[in-house]
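Here is a short briefing for a first look at the model.

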Amino acid sequence: SASAENACEVMLLRGNFGDLDELLVEAQVPGIDAILFDLGVSSPQLDLPQRGFSFREDALLDMRMDPGRQTLSAAELTRIIRDYSDEKWASRIAQFIVERRESHPIETTGELVDIIKAAIPASARRAGGHPAKRTFQALRIEVNGELTVLRRGLDAAIRWLNPGGRIAVISYHSLEDRAVKQAFAEHSKKRTCPPGFPVCVCGANPALKVITRKPILPTEAEIEVNPRARSAKLRVAEKIR
(Lines give C-alpha, C1' and ligand atoms only; values in the text may rest on other atoms or scores of the structure.)
Protein backbone atom coordinates (compact mmCIF):
# COMPACT_ATOMS: atom_id res chain seq x y z
CA SER A 1 0.00 0.00 0.00
CA ALA A 2 1.14 3.54 -0.72
CA SER A 3 2.48 5.58 2.16
CA ALA A 4 0.50 8.57 3.37
CA GLU A 5 2.89 11.08 1.80
CA ASN A 6 2.62 9.35 -1.61
CA ALA A 7 -1.14 8.83 -1.54
CA CYS A 8 -3.10 10.51 -4.34
CA GLU A 9 -5.74 13.03 -3.37
CA VAL A 10 -8.91 12.63 -5.42
CA MET A 11 -11.24 15.59 -5.86
CA LEU A 12 -14.52 15.11 -7.73
CA LEU A 13 -15.94 18.19 -9.46
CA ARG A 14 -19.41 18.15 -10.98
CA GLY A 15 -19.86 19.92 -14.29
CA ASN A 16 -19.45 19.52 -18.03
CA PHE A 17 -16.49 20.27 -20.28
CA GLY A 18 -17.69 23.82 -20.84
CA ASP A 19 -17.42 24.53 -17.10
CA LEU A 20 -13.73 23.61 -16.91
CA ASP A 21 -12.40 27.13 -16.28
CA GLU A 22 -14.80 27.74 -13.41
CA LEU A 23 -14.31 24.27 -11.92
CA LEU A 24 -10.51 24.51 -11.85
CA VAL A 25 -10.59 28.01 -10.35
CA GLU A 26 -13.02 26.80 -7.68
CA ALA A 27 -10.75 23.83 -6.93
CA GLN A 28 -7.70 26.13 -6.81
CA VAL A 29 -5.80 23.99 -9.31
CA PRO A 30 -2.67 25.93 -10.41
CA GLY A 31 -2.05 23.88 -13.56
CA ILE A 32 -2.54 20.47 -15.15
CA ASP A 33 0.11 17.91 -16.09
CA ALA A 34 -2.23 15.55 -17.93
CA ILE A 35 -5.89 15.62 -18.89
CA LEU A 36 -8.09 12.96 -20.48
CA PHE A 37 -11.38 13.76 -22.19
CA ASP A 38 -13.58 10.68 -22.64
CA LEU A 39 -16.39 11.95 -24.85
CA GLY A 40 -18.46 8.80 -24.63
CA VAL A 41 -21.92 9.27 -23.20
CA SER A 42 -22.41 7.32 -19.97
CA SER A 43 -23.62 3.83 -20.88
CA PRO A 44 -25.83 3.59 -17.76
CA GLN A 45 -27.58 6.81 -18.80
CA LEU A 46 -28.13 5.53 -22.33
CA ASP A 47 -29.41 2.19 -21.04
CA LEU A 48 -31.89 3.63 -18.53
CA PRO A 49 -35.24 3.90 -20.37
CA GLN A 50 -36.46 6.75 -18.15
CA ARG A 51 -33.67 9.02 -19.40
CA GLY A 52 -35.23 9.05 -22.88
CA PHE A 53 -31.99 8.56 -24.84
CA SER A 54 -32.63 5.14 -26.32
CA PHE A 55 -34.50 4.37 -29.52
CA ARG A 56 -34.72 0.72 -28.34
CA GLU A 57 -36.86 1.41 -25.25
CA ASP A 58 -40.21 3.20 -25.04
CA ALA A 59 -40.01 5.93 -22.38
CA LEU A 60 -40.67 9.62 -21.86
CA LEU A 61 -38.77 11.62 -24.49
CA ASP A 62 -36.20 13.98 -22.96
CA MET A 63 -32.55 13.41 -23.97
CA ARG A 64 -31.05 15.96 -21.59
CA MET A 65 -28.23 14.97 -19.27
CA ASP A 66 -30.14 17.30 -16.91
CA PRO A 67 -33.85 16.72 -17.63
CA GLY A 68 -35.87 19.35 -19.50
CA ARG A 69 -37.55 20.05 -22.84
CA GLN A 70 -37.32 22.30 -25.86
CA THR A 71 -39.25 22.73 -29.12
CA LEU A 72 -37.59 23.11 -32.52
CA SER A 73 -38.96 24.27 -35.88
CA ALA A 74 -38.91 22.12 -39.03
CA ALA A 75 -35.97 24.11 -40.44
CA GLU A 76 -34.01 23.78 -37.19
CA LEU A 77 -34.76 20.07 -36.96
CA THR A 78 -33.64 19.53 -40.55
CA ARG A 79 -30.34 21.32 -39.94
CA ILE A 80 -29.66 19.46 -36.70
CA ILE A 81 -30.46 16.00 -38.06
CA ARG A 82 -28.54 16.59 -41.30
CA ASP A 83 -25.47 18.27 -39.79
CA TYR A 84 -25.09 16.07 -36.73
CA SER A 85 -25.79 12.69 -38.32
CA ASP A 86 -25.60 12.93 -42.14
CA GLU A 87 -29.13 11.53 -42.22
CA LYS A 88 -30.25 11.41 -45.88
CA TRP A 89 -33.92 11.80 -44.92
CA ALA A 90 -33.43 14.72 -42.48
CA SER A 91 -35.92 17.08 -44.13
CA ARG A 92 -38.62 14.41 -44.41
CA ILE A 93 -38.12 13.29 -40.81
CA ALA A 94 -38.33 16.89 -39.59
CA GLN A 95 -41.55 17.47 -41.53
CA PHE A 96 -43.14 14.31 -40.16
CA ILE A 97 -42.18 15.34 -36.61
CA VAL A 98 -43.70 18.81 -36.99
CA GLU A 99 -46.90 17.46 -38.56
CA ARG A 100 -47.37 14.94 -35.76
CA ARG A 101 -46.61 17.61 -33.15
CA GLU A 102 -49.43 19.79 -34.49
CA SER A 103 -52.01 17.19 -33.52
CA HIS A 104 -50.49 16.23 -30.17
CA PRO A 105 -47.16 16.47 -28.29
CA ILE A 106 -44.54 13.79 -28.95
CA GLU A 107 -43.92 12.57 -25.42
CA THR A 108 -42.21 9.20 -25.68
CA THR A 109 -39.21 7.73 -27.45
CA GLY A 110 -41.46 5.08 -28.97
CA GLU A 111 -43.62 7.76 -30.63
CA LEU A 112 -40.54 9.41 -32.11
CA VAL A 113 -39.21 6.07 -33.39
CA ASP A 114 -42.55 5.39 -35.14
CA ILE A 115 -42.47 8.84 -36.76
CA ILE A 116 -38.93 8.33 -38.02
CA LYS A 117 -39.80 4.90 -39.40
CA ALA A 118 -42.82 6.37 -41.20
CA ALA A 119 -40.68 9.15 -42.68
CA ILE A 120 -37.96 6.86 -44.05
CA PRO A 121 -39.07 4.74 -47.04
CA ALA A 122 -39.18 1.02 -46.32
CA SER A 123 -36.49 0.28 -48.92
CA ALA A 124 -34.08 2.63 -47.10
CA ARG A 125 -34.80 1.02 -43.72
CA ARG A 126 -33.53 -2.41 -44.76
CA ALA A 127 -29.84 -1.54 -44.29
CA GLY A 128 -27.65 0.55 -42.00
CA GLY A 129 -28.91 -0.49 -38.58
CA HIS A 130 -31.84 0.95 -36.67
CA PRO A 131 -33.51 3.75 -38.71
CA ALA A 132 -33.83 6.04 -35.67
CA LYS A 133 -30.19 5.76 -34.55
CA ARG A 134 -28.87 8.77 -36.49
CA THR A 135 -31.77 11.06 -35.60
CA PHE A 136 -31.58 10.22 -31.88
CA GLN A 137 -27.82 10.91 -31.92
CA ALA A 138 -28.32 14.27 -33.63
CA LEU A 139 -31.05 15.38 -31.23
CA ARG A 140 -29.00 14.35 -28.19
CA ILE A 141 -26.00 16.36 -29.44
CA GLU A 142 -28.16 19.44 -30.00
CA VAL A 143 -30.21 19.22 -26.80
CA ASN A 144 -27.07 19.01 -24.68
CA GLY A 145 -24.96 21.45 -26.74
CA GLU A 146 -22.25 18.78 -26.85
CA LEU A 147 -20.04 20.22 -29.61
CA THR A 148 -20.14 23.75 -28.18
CA VAL A 149 -19.13 22.70 -24.68
CA LEU A 150 -16.53 20.32 -26.09
CA ARG A 151 -14.69 23.08 -27.93
CA ARG A 152 -14.93 25.41 -24.93
CA GLY A 153 -13.56 22.64 -22.72
CA LEU A 154 -10.71 21.80 -25.09
CA ASP A 155 -9.60 25.44 -25.30
CA ALA A 156 -9.72 25.75 -21.51
CA ALA A 157 -7.80 22.52 -20.95
CA ILE A 158 -5.04 23.60 -23.33
CA ARG A 159 -4.70 26.93 -21.49
CA TRP A 160 -4.43 25.15 -18.14
CA LEU A 161 -1.85 22.58 -19.25
CA ASN A 162 1.60 22.99 -17.73
CA PRO A 163 4.54 23.07 -20.15
CA GLY A 164 5.21 19.50 -21.22
CA GLY A 165 1.75 18.44 -20.06
CA ARG A 166 -0.38 16.31 -22.35
CA ILE A 167 -4.02 16.29 -23.37
CA ALA A 168 -5.64 13.08 -24.62
CA VAL A 169 -9.12 12.94 -26.11
CA ILE A 170 -11.21 9.85 -26.89
CA SER A 171 -14.03 10.61 -29.33
CA TYR A 172 -16.75 8.30 -30.62
CA HIS A 173 -18.11 9.84 -33.79
CA SER A 174 -16.79 11.92 -36.68
CA LEU A 175 -18.14 15.26 -35.49
CA GLU A 176 -16.32 14.96 -32.16
CA ASP A 177 -13.13 13.75 -33.80
CA ARG A 178 -13.25 16.62 -36.29
CA ALA A 179 -13.67 19.14 -33.45
CA VAL A 180 -10.67 17.69 -31.58
CA LYS A 181 -8.53 17.61 -34.74
CA GLN A 182 -9.41 21.24 -35.53
CA ALA A 183 -8.71 22.42 -31.98
CA PHE A 184 -5.32 20.70 -31.92
CA ALA A 185 -4.47 22.09 -35.37
CA GLU A 186 -5.40 25.65 -34.42
CA HIS A 187 -3.40 25.55 -31.20
CA SER A 188 -0.37 24.09 -32.98
CA LYS A 189 -0.20 26.71 -35.77
CA LYS A 190 3.24 28.10 -36.39
CA ARG A 191 3.98 31.80 -36.17
CA THR A 192 3.18 33.68 -39.40
CA CYS A 193 4.67 37.08 -38.56
CA PRO A 194 7.08 38.46 -41.21
CA PRO A 195 10.75 37.65 -40.53
CA GLY A 196 12.48 40.22 -38.35
CA PHE A 197 9.48 41.19 -36.23
CA PRO A 198 10.75 41.46 -32.63
CA VAL A 199 7.44 40.34 -31.09
CA CYS A 200 4.54 38.23 -32.33
CA VAL A 201 1.69 40.29 -33.77
CA CYS A 202 -0.16 37.47 -35.51
CA GLY A 203 -1.17 35.71 -32.31
CA ALA A 204 -0.13 32.38 -33.82
CA ASN A 205 2.54 31.31 -31.37
CA PRO A 206 1.92 27.55 -31.16
CA ALA A 207 0.75 26.23 -27.81
CA LEU A 208 0.70 22.56 -28.74
CA LYS A 209 2.71 19.86 -30.43
CA VAL A 210 0.44 17.21 -31.92
CA ILE A 211 1.63 13.73 -30.90
CA THR A 212 -0.86 11.68 -32.94
CA ARG A 213 -1.03 12.87 -36.55
CA LYS A 214 -3.55 10.08 -37.10
CA PRO A 215 -5.90 8.91 -34.33
CA ILE A 216 -5.15 5.74 -32.38
CA LEU A 217 -7.87 3.13 -32.95
CA PRO A 218 -8.99 0.25 -30.69
CA THR A 219 -7.61 -3.22 -31.25
CA GLU A 220 -9.83 -6.17 -32.13
CA ALA A 221 -9.27 -7.50 -28.59
CA GLU A 222 -10.55 -4.24 -27.10
CA ILE A 223 -13.61 -4.29 -29.34
CA GLU A 224 -14.36 -7.88 -28.39
CA VAL A 225 -14.36 -6.95 -24.69
CA ASN A 226 -16.26 -3.69 -25.23
CA PRO A 227 -18.18 -3.48 -28.54
CA ARG A 228 -19.01 0.19 -27.91
CA ALA A 229 -15.31 0.97 -28.30
CA ARG A 230 -15.51 0.13 -32.01
CA SER A 231 -15.87 3.77 -33.08
CA ALA A 232 -13.39 5.22 -30.54
CA LYS A 233 -10.52 7.44 -31.72
CA LEU A 234 -7.73 8.72 -29.47
CA ARG A 235 -5.80 11.92 -30.21
CA VAL A 236 -2.95 13.29 -28.07
CA ALA A 237 -1.10 16.62 -27.96
CA GLU A 238 1.58 18.13 -25.73
CA LYS A 239 1.87 21.66 -24.38
CA ILE A 240 4.98 23.31 -25.77
CA ARG A 241 7.56 24.16 -23.14
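Predicted model: local features only at pLDDT ≥ 70, side-chain atom pairs only at ≥ 80, totals over all residues.

Residues are numbered from 1 along each chain as its sequence is written, and side-chain values use heavy atoms, leaving out hydrogens and water.

**Packing of α4 and α5**
- The two helices pack at an angle of about 130°, with axes 9 Å apart. Axes are lines fitted to C-alpha atoms, for helices over the stretch in contact, and angles run from 0 to 180 degrees between N-to-C directions.
- Residues of α4 that meet α5 include Ile-93, Phe-96 and Ile-97. Among their partners in α5 are Leu-112 and Ile-115. Contact means heavy atoms within 4.5 Å.

**The faces of α4**
- Ala-90, Ile-93, Ala-94, Ile-97 and Val-98 are buried in α4. Buried means under 20% relative accessible area, exposed over 50%, partly exposed in between (1.4 Å probe, protein chains only).
- Seen down the axis of α4, these buried residues fall within an arc of 130°, so they line one face of the helix. The arc is that of the directions from the helix axis to the C-beta atoms.
- Exposed Glu-102 and Ser-103 sit on the face turned away from the buried side of α4.

**Asp-177**
- Asp-177 lies in helix α8 (residues 174–187).
- Asp-177 is buried, with a relative accessible area of 8%.

Terms used: Helix = DSSP H or I, 4+ residues; strand = E, 2+ residues; numbered from the N terminus.
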